[in-house]
Amino acid sequence: MQNFDGFKKKFAMPAAVAAVLAAILVAAAFAAPFLASSFRLSHSVTVVIDAGHGGIDNGVTGVRTGVKESELNLAVAKILGEYLEGAGFNVVYTRLNDEGLYSAFDSNKKRADMEKRVEIIRRAAPAAVVSIHMNEYTSPSRRGAQAFFDGGSQEGRVLAQIVQEFLNDDFNVPDTGREYEALKAEKYILQNSASPAVIVECGFLSNPLDEANLTNAEYRAEIAYTIFRAVAVYLSASGSSGRA
């Protein structure tokens, strides 16, 4: 569980909001279904979940199993959506199957796919956007989960920082012995979202240990639950009143 006193100082939250977040974090010590059913919203708040890649774009592949990033992204995205829906959020997915978001007539299918994702986000006008990905690095020793934000979005930065703190506490410190910082990234989804957006790289498929974890259904559920808790904290702190 988070060090809540340090968390409050870091993000300078009002006392009333901090009290709500404290209750959420206490509930987080129990089972995921309990939190999902106990944390209810007074009004519907929309979150867009983007499962990265799909269709002709598999993303990166596992170093040992050859598992496709696009498949793992979708698996985590669906579980994350279940947690959010169970907590009363309205969830909009950019994709719910293995297909890409383009047509056979698109000459640049990857570009068409990204534009369609941004269109879905624009129409949903969500309180937050969470794009799920898996990472890759030239060195197979690199591992861990990391959050990215657009440098021009202060709210996106805050969302990513909260997600990163949860990932550090639940995975990075226990598994790798180190913390990561949320980083700026020039990514199409981040740059073209009017809503606060975060890309979550759940681990490195170029690392055998991360790959083994991410191909395990129970581990995927755990990381989806961590992301869910972080998003719930962010939306509670922001009031979630701007976009519903």
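This is a predicted model: local features need pLDDT of at least 70, side-chain atom pairs count only at pLDDT 80 or more; totals for chains, interfaces and linings use all residues.
Six strands make up an open sheet of mixed pairing, and their order across it is β2-β1-β3-β6-β4-β5. The edge positions belong to β2 (90-93) and β5 (183-184), each of which has a single partner strand, so one side of each is left without a neighbour in the sheet.

Strand β4, residues 146-149, runs antiparallel to strand β6, residues 197-204, and the two are joined by three bridges. Within this pair, Phe-148 of the model stands opposite Ile-199 in β6.

## Helices on the sheet

Helix α9, formed by residues 217-238, packs on the sheet and touches β1, β3 and β6, with a direction that makes about 150 degrees with that of β3. Helix α5, formed by residues 109-124, lies across β1 (46-51), β2 and β3 (128-135), and runs at about 170 degrees to β1.

When residues up to four places away in sequence are not counted, Ala-221 touches Ile-79 and Tyr-83.

## The pair α6 and α9

Two packed helices are described by the angle between their axes and the distance between the axes. For helix α6 (residues 154-176) and α9, the axes come within 9 Å and cross at roughly 145 degrees, and the crossing is right-handed.

On the α6 side, the residues that meet α9 include Glu-155, Val-158, Leu-159, Ile-162, Phe-166, Asp-170, Phe-171 and Asp-175, while the α9 side includes Tyr-219, Glu-222, Ile-223, Arg-229, Val-233 and Tyr-234. Sorted by class, the contact of α6 with α9 has 12 nonpolar, two polar and five charged residues.

## The largest pocket

The largest pocket holds about 480 Å³ of space and is lined by 27 residues, of which His-53, His-133, Lys-187, Ile-199 and Glu-201 lie nearest its centre.

Two or more residues of the lining are given by each of the elements α5, β3, β4, α7 (188-191) and β6. By class, the lining of the largest pocket divides into 11 nonpolar, six polar and 10 charged residues.

## The largest cavity

A search of the whole structure finds one cavity of 30 Å³ or more, and the volume of the largest cavity is about 40 Å³. Its lining consists of Arg-143, Gly-144, Ala-145, Phe-171, Asn-172, Asp-175, Thr-176, Cys-202, Gly-203, Asp-210 and Tyr-219, which divide into four nonpolar, four polar and three charged residues.

Both α6 and β6 supply at least two residues of this lining, and the largest share, four residues, comes from α6. Phe-171, Asp-175 and Tyr-219 are among the residues that line the largest cavity, and these three residues also take part in the contact between α6 and α9.

Definitions and conventions
Residues are numbered from 1 along each chain as its sequence is written. Side-chain values use heavy atoms; hydrogens and water are left out. Two strands pair if DSSP finds at least two bridges between them. Contact means heavy atoms within 4.5 Å. Axes are lines fitted to C-alpha atoms, for helices over the stretch in contact, and angles run from 0 to 180 degrees between N-to-C directions. On a 1 Å grid over the protein atoms alone, a cavity is a set of points where a 1.4 Å probe fits but cannot get out, and a pocket is an open set with protein on both sides within 12 Å along at least five of seven lines; lining residues have an atom within 4 Å of a point. Grid points are joined across faces, edges and corners, and a volume is the space filled by probe spheres set on the points. Ala, Val, Leu, Ile, Met, Phe, Trp, Tyr, Cys and Pro count as nonpolar, Asp, Glu, Lys and Arg as charged, and the others, Gly among them, as polar. A crossing is left-handed if the near helix is turned anticlockwise from the far one by less than a right angle, and right-handed if clockwise.
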